[in-house]
Amino acid sequence: FVAADQSMNFKNNAKFFDLTSQIDITGDYTITVVALFTGSLTNRTFFGADANNDGTADDVIKMVNAVKINFQYGASAISVNGATTLAADTYYVFTFTRSGDVTTVYVDGTSWGTVSETAATLSIDHVGAQDPEAQNFRGQWKDFAYYNRALTTGEISDLNAYLSTIA
């Protein structure tokens with residue numbers, strides 16, 4: 001998984017890895033990932049969890065295509081439609097933030113899209129796709145962070161300035 005430059009490589013049979021314990025995210029949060037997608041950007045899973053233990057991912061954050069990211073909370077899903085089209089084989093700093101009932105996706109420190117939704121618990125127990133019907137991540141991660149609050153736009157800008165130096 002870990003390359004010489006300390007990035008995590010998702011390739012071949014390495015579709016996902018489990019976290020040591022499930023993270024149940026309620027209320028406000030921020031998740032930041034420095035990531036590069038190799039090949040297609042269609043249905044690539046960032047995070048997921050089998051919250052009801054039936055063998056399928058119930059809670060998921062995934063790239064649907066080059067302009068859409070889905071947040072799946074059990075049976076309900078919301079989509080954030082991006083302001084720009086993303087390209088494969090390019091590092092991006094993705095920041096996913098929920099503040100109240102508003103979910104915002106930032107790409108490279110700039111708001112990429114926002115959607116209002118009723119806040120729900122998002123459970124995460126693996127990175128990549130564990131569900132056999134889902135697509136794996138395929139690419140590299142250079143950094144990941146989780147905050148139990150919504151970062152301000154200034155904090156996101158500062159974080160992006162730092163993380164863009166490692167992308």
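**A buried threonine and an aromatic cluster**

Thr32 has a relative accessible area of 0%, so this residue is buried (buried means under 20% relative accessible area, exposed over 50%, partly exposed in between, with a 1.4 Å probe and protein chains only). The model is predicted: local features need pLDDT of at least 70, side-chain atom pairs count only at pLDDT 80 or more, and totals for chains, interfaces and linings use all residues. Residues are numbered from 1 along each chain as its sequence is written, and side-chain values use heavy atoms, with hydrogens and water left out.

Thr32 lies in strand E3 (helices, H or I of at least four residues, and strands, E of at least two, are DSSP runs numbered from the N terminus). Setting aside neighbours within four places in sequence, the residues in contact with Thr32 include Phe94, Asp143, Tyr147 and Leu163; contact means heavy atoms within 4.5 Å.

Rings of Phe, Tyr and Trp (its six-membered ring) pair if their centres lie within 6.5 Å; planes under 30 degrees apart count as stacked, over 60 as edge-to-face and the rest as tilted. By this rule there are 4 aromatic pairs. Phe37 and Phe94 are edge-to-face because their ring centres are 6.0 Å apart and their planes stand at 85°. This pair links distant parts of the chain, with Phe37 in strand E3 (residues 29–37) and Phe94 in strand E8 (residues 91–99), 57 residues apart.

Phe37 is buried at 1% relative accessible area, and Phe94 is buried at 0%. Phe94 also forms a stacked pair with Phe96, 6.3 Å centre to centre and with 15° between the planes. Phe96 is buried, as is Phe94. Ring pairs join Phe37, Phe71, Tyr92, Phe94 and Phe96 into a cluster.
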